[in-house]
Amino acid sequence: MIRRLLVANRGEIARRVFRTCRELGVETVAVYSDADADAPHVAEADRAVRLDGVRPAGTYLAIGKVIEACRLSGADAVHPGYGFLSENAEFARAVLDAGLTWVGPPPEAISAMGSKTTAKRLMAEAGVPVLPTLDPASPGEFPVLVKAAAGGGGRGMRVVRDPGSLAREVESARREAEAAFGDGAVFVEPLLEGARHIEVQVLADRHGTVWALGERECSIQRRHQKVVEECPSPAVTPSLRARLEEAAVRAARAIGYVGAGTVEFLVAGERVAFLEMNTRLQVEHPVTELVYGVDLVRLQVEVAEGARLPDAPPVPRGHAVEARLYAEDAAYLPQTGVLHRFEVGGAVRVDAGVESGSVVSPHYDAMLAKIVGYGATRSEALRRLESALRGARLHGVTTNRAQLLQILTNPAFVRGETHTGFLDEHPPVAPPPPGPREALAAALALAAANRDRALVLRSLPSGWRNVRSQPRTLRFEETSATYDPLPPSTRALAVTPLDSSRGVSGENRVGRLPQSTRALSVAPLDSGQGVRLPSDTRAPAASSGGAYRVVLEEDRVRRAFEVCWYGDGKVYVDGPDGAAVLTPLPRLPEPVEHVAPGSLLAPMPGSVLRVEVAPGDRVDAGTPILILEAMKMEHAVTAPAAGVVEAVNVEKGRQVDAGAVLAVIRKEET
């Protein structure tokens with residue numbers, strides 16, 4: 001019987017395993033890097049062991065350190081989570097050799113599926129349909145997909161359509177795979193375009209019982225990483241489901257599998273091709289848990305203890321859809337910083353690795369949380385998920401919430417017409433600028449905060465003058481708000497965008513509010529509402545922190561807004577029409593530093609992996625200038641136009657901040 005379990009992982013999956021352990025009465029042990037010392041998973045564990053002497057990105061890959069942590073903490077079992085060492089047979093053997101219980105499949109099964117090339121051969125021998133493996137030097141057809149032989153999660157994967165770029169992409173995939181999994185082997189196979197990514201959840205015990213718990217639709221992907229998943233697939237018929245489940249069970253039996261795993265397929269019409277088998281729990285396992293009414297982590301633990309599964313799995317009921325909330329911008333570039341506020345409500349399941357106040361570092365995956373809607377029907381699950389995302393309070397780090405909402409409300413997605421190229425056909429668009437109501441609410445809240453902090457004449461309204469001459473105007477980068485400062489019937493005279501002479505595009509049309517608009521109340525939010533603010537309340541409101549509830553009435557319709565700011569130069573407004581972020585402009589702006597024309601700025605914090613050019617080189621538009629590594633992914637910084645390299649300001653191994661000038665390209669005159 002397992003009494004104390006160490007999770008060799010971090011973030012959301014560590015917290016997920018801990019939750020089941022608490023229900024089972026099993027003590028928990030966390031491991032952590034220096035970068036994760038204050039992370040929620042560390043605080044939630046009964047014991048936590050620092051993995052010292054290892055750089056943050058490699059901490060959770062240090063097998064010896066993890067085994068030592070088991071000894072130091074008295075753990076008698078190890079759960080690998082997913083990613084990191086979860087599919088490392090050497091790690092599984094080290095756990096077993098140390099006399100510990102391994103909550104995972106046998107090392108031999110991990111080895112069999114650990115190399116995707118070996119896995120394809122074994123699956124073909126077992127009668128599971130597979131795609132052919134092509135020669136990486138001369139595949140003979142395009143487009144192709146370069147894939148890491150080890151690991152998963154989209155790392156070490158590249159789509160190649162141009163033969164001239166194949167060698168470069170293969171080398172890039174090798175480096176990324178080596179950094180993520182410690183194994184740089186890659187292979188090439190045909191790219192089956194227009195196909196769906198369908199996977200089957202399997203669970204097997206040591207007594208010969210193998211369950212297939214239906215399929216998950218995982219076709220919505222960016223950068224080969226899943227974004228939205230659901231169970232069941234809206235496109236899988238009963239006969240196709242039976243074929244998929246039969247193939248998945250055959251695959252599990254062929255390698256003597258024990259525990260939870262996933263068999264992944266590409267499905268194009270009636271054609272089915274094996275992709276890979278993940279010998280671990282998947283990120284998207286919650287949708288299966290909700291539909292089948294099971295706790296897969298609990299079943300993993302019980303199987304590891306020798307329990308026998310019932311002969312047949314539970315009967316599925318309902319539909320579940322999961323959205324992965326990432327710290328990234330609309331270009332899928334990872335974002336870092338402080339997550340000031342993280343609150344997701346509604347009738348949804350939330351598996352998160354963060355909480356209000358968490359710091360998102362550049363060292364690890366950008367996923368913040370998984371939000372899962374469940375209902376009797378697909379439309380009910382989608383409605384609950386959409387509502388929760390719209391109402392979430394996400395302040396600080398930029399997230400992909402807007403992109404997720406665009407996906408969930410896209411008519412093609414609602415109809416279930418998805419495939420792995422969905423986001424190429426339906427790319428995300430920039431969300432609209434903040435509207436006039438959000439700007440007015442922000443202006444009123446900032447004004448109220450200034451008066452609440454005033455040391456004298458606090459009863460006077462903000463902006464009051466002895467001789468009333470004009471309304472008060474507060475300007476933001478995105479818009480401006482003009483209002484009459486006399487309460488309680490504060491009236492919006494106009495809320496208009498700044499013109500292009502102020503550096504803001506004239507396309508940001510936000511319009512005017514009716515003259516009937518007035519503020520009914522502007523009141524502080526208390527700390528019990530989950531808002532964490534800077535402690536210095538003596539500083540000017542916009543430069544410290546505040547949280548207010550503003551109620552506006554317009555044509556007899558009342559709307560309530562929560563307005564929060566944290567001293568980071570942004571104002572976060574949550575209201576009935578969604579969320580908005582505004583940047584107040586100072587009344588007397590300070591001089592700003594300008595960069596040279598043609599400067600290439602770092603899009604995110606990261607490490608320079610390789611510099612591709614030297615000063616004096618001529619480059620074309622799209623030519624790679626250098627490669628940055630951030631959150632275990634490679635990001636190419638390319639020339640925006642043809643020109644000559646005037647300067648390169650970094651070298652291999654340099655750690656750079658977002659916005660740093662990496663190089664300067666002098667544009668060619670035409």
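In strand 36, Ala663 is the bridge partner of Leu600. The model is predicted: local features need pLDDT of at least 70, side-chain atom pairs count only at pLDDT 80 or more, and totals for chains, interfaces and linings use all residues. Residues are numbered from 1 along each chain as its sequence is written, and side-chain values use heavy atoms, with hydrogens and water left out.

**Overall make-up**
- The chain has 15 helices and 36 strands. Helices (H or I, at least four residues) and strands (E, at least two) are DSSP runs, numbered from the N terminus.
- Of the 670 residues in the chain, 54% are buried. Buried means under 20% relative accessible area, exposed means over 50%, and partly exposed lies in between (1.4 Å probe, protein chains only).
- Accessible areas come from the Shrake-Rupley method with a 1.4 Å probe; for residues, only the protein chains shown count as cover.
- Among contacts between residues at least 6 apart in sequence, 64% join residues at least 24 apart. A contact means heavy atoms within 4.5 Å.

- Two strands pair if DSSP finds at least two bridges between them.
- Strand 29 and strand 36 (residues 661–667) run antiparallel and are joined by three bridges.

- A second open sheet has the order 3-2-1-4-5, with parallel pairing.
- Strand 3 (47–50) and strand 5 (101–102) are its edge strands, each pairing on one side only.
- Strand 1 (residues 4–7) and strand 4 (residues 77–79) run parallel, joined by three bridges. Leu5 has Ala77 of strand 4 as its bridge partner.
- Helix 1 (residues 11–24) packs on this sheet and touches strand 1, strand 2 (27–32) and strand 4. The direction of helix 1 makes about 170° with that of strand 1. Axes are lines fitted to C-alpha atoms, for helices over the stretch in contact, and angles run from 0 to 180 degrees between N-to-C directions.

**Salt bridges**
- The structure holds 50 salt bridges. Each is a side-chain nitrogen of Lys or Arg within 4 Å of a carboxyl oxygen of Asp or Glu.
- Glu634 and Arg158 form one, at 3.9 Å from N to O. This pair links distant parts of the chain: Glu634 is in strand 33 (residues 633–638) and Arg158 in strand 7 (residues 158–160), 476 residues apart. Both Glu634 and Arg158 are buried.
- Glu215 pairs with Arg241, with the closest N and O atoms 2.7 Å apart. Glu215 lies in strand 10 (residues 210–222) and Arg241 in helix 8 (residues 238–254), 26 residues apart. Glu215 is buried at 2% relative accessibility, whereas Arg241 is partly exposed at 22%.

**A surface patch**
- Leu455, Val456 and Leu457 form a nonpolar surface patch, with about 390 Å² of accessible area together. Patches are made of residues with over 30% relative accessible area and no salt bridge; like charges are joined within 9 Å, nonpolar side chains (Val, Leu, Ile, Met, Phe, Trp, Tyr) within 5 Å.
- Val456 sits in the loop between helix 15 (436–452) and strand 21 (472–475). Val456 is exposed, with a relative accessible area of 59%.
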